[in-house]
Amino acid sequence: MAVYITLLCGAILPSFFTRINENERRKKTYLVFIFSLIALVSALRSINIGVDTRQFCNAYLEIGYLNWDRALALRYEPGFILLCKLLNLISADFQLLLIVSSGFVAFSTARFILKNSDDIAISSFVFFCMFFAQSMNLMRQYLALGVLLFGINLIKEKKYFKFLLVSLAAMMFHYSAIICLIYFFLYKIKIKKGMLLALSGVMVVILLNFRQIMFLIYQFELFNKYSGYIGGRFDTADSTRWVKMAIALLILIFFLINTKEKEDEKGIKHNFIVNLLLAWAMIETLATNSYIFTRIAPYLDFIAIIAIPKALSSIKEKKIKTVFIIIIYAVMIAYFVVSRMINISRVMPYNFYWEV
């Protein structure tokens, strides 16, 4: 726990003593500092940290010994297999996989924050409290998300074909990244009251017919490989997801109350953030019925690291803004402490790789 507390303090304290957001140089210095620490903690973790870490490390060793034909026949996506093959040319030690994947996720996240956040300190803090432990578990999903974060602004620039290529590259690390194709739709539409009521009705229908719908989804070739999850540990209800669903809705309401769409807005479009937050809340609701939906959440929930500081920056009254900042810090710390205590991602107690 001491390692995580140190990182937590590293994310908070600098913002109290310097105006981090004052210029680009300070922003970059802070992001390099905090995300270097995040990358190091993730890269130097032992094989026991993270539910799936041991599985990926064993896969790294297996892929290194197999020829290409046999390696590609494994259950892993081609991008992950290619990465393991290339890294095995350097070293057969699976720690290299953890180092490279951790460094890439940290770099892509820091870059995304630098380009899109109104307050990089708060964005970094939210990422650490809510998503860092998750990134040490869902390696392939976060590699896919890292690829997406490099290209997400292409949608606003109307470079749709390039974003499609980025999406396909992300899918090479985890097929669940196909969900990012809805970004085209979420970027265009504006949710109104009538549509919100319709979506609520659709969610009720889905929840009432959840098992039958999942069975139909598994019939598609792309998802057929996951049909084995039926009745397994990924097909169980996860009541803890209600907490994340509540957080998603609270962030959505907070964002809607304090922000308005502007014609000349910079960064990620207002209604795109709203739609991603709403989609995130819906996915978390589905995850209360089946844990497998948590695999989709990272392609939606990442927007919280942008939405929260954007909403805060729109509050003009200094005292009110300070109160909200304190509340957000308190909620994030509470989530951080409780999630570590529950230890769903199995990141406690932390061990460096040389301690095993």
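Modeller: A residue is called buried when its relative accessible area is under 20%, exposed when over 50%, and partly exposed in between, with a 1.4 Å probe and protein chains only. This is a predicted model, in which local features need pLDDT of at least 70 and side-chain atom pairs count only at pLDDT 80 or more, while totals for chains, interfaces and linings use all residues. Residues are numbered from 1 along each chain as its sequence is written, and side-chain values use heavy atoms, with hydrogens and water left out.

Colleague: Why is helix α19 called largely enclosed by the rest of the structure?

Modeller: Helix α19 spans residues 304-313, and nine of its 10 residues are buried, so the helix is largely enclosed. Among these buried residues are Ile305, Ile308, Lys310 and Leu312. They pack against α6, α7, α16, α17, α18 and α20, where contact means heavy atoms within 4.5 Å.

Colleague: What makes a run of residues a helix, and how many helices does the protein have?

Modeller: A helix is a DSSP run of H or I with at least four residues, a strand is a run of E with at least two, and both are numbered from the N terminus. On that basis the protein has 20 helices and zero strands.

Colleague: Why does serine 135 count as buried?

Modeller: Serine 135 has 11% relative accessibility, and the limit is under 20%, so serine 135 counts as buried. This residue is found in helix α8 (residues 132-135). Serine 135 touches Val105 and Tyr142, not counting residues up to four places away in sequence.

Colleague: How do the axes of α6 and α9 cross?

Modeller: The axes of α6 (residues 95-116) and α9 (residues 139-151) come within 9 Å and cross at roughly 35°. Such axes are lines fitted to C-alpha atoms over the stretch in contact, with angles from 0 to 180 degrees between N-to-C directions. Residues that meet include Phe104 and Val105 in α6, and Tyr142 and Leu143 in α9.

Colleague: What makes a set of residues a nonpolar core, and which residues have the most contacts inside the largest one?

Modeller: A nonpolar core is a set of buried Ala, Val, Leu, Ile, Met, Phe, Trp, Tyr and Cys residues joined through side-chain atoms within 4.5 Å. The largest has 115 residues, and Tyr4, Phe80 and Tyr183 have the most contacts inside it. Helix α17 (residues 270-287) gives the most to this core, with 12 residues. Tyrosine 183 touches Phe272 and Leu276, among others.
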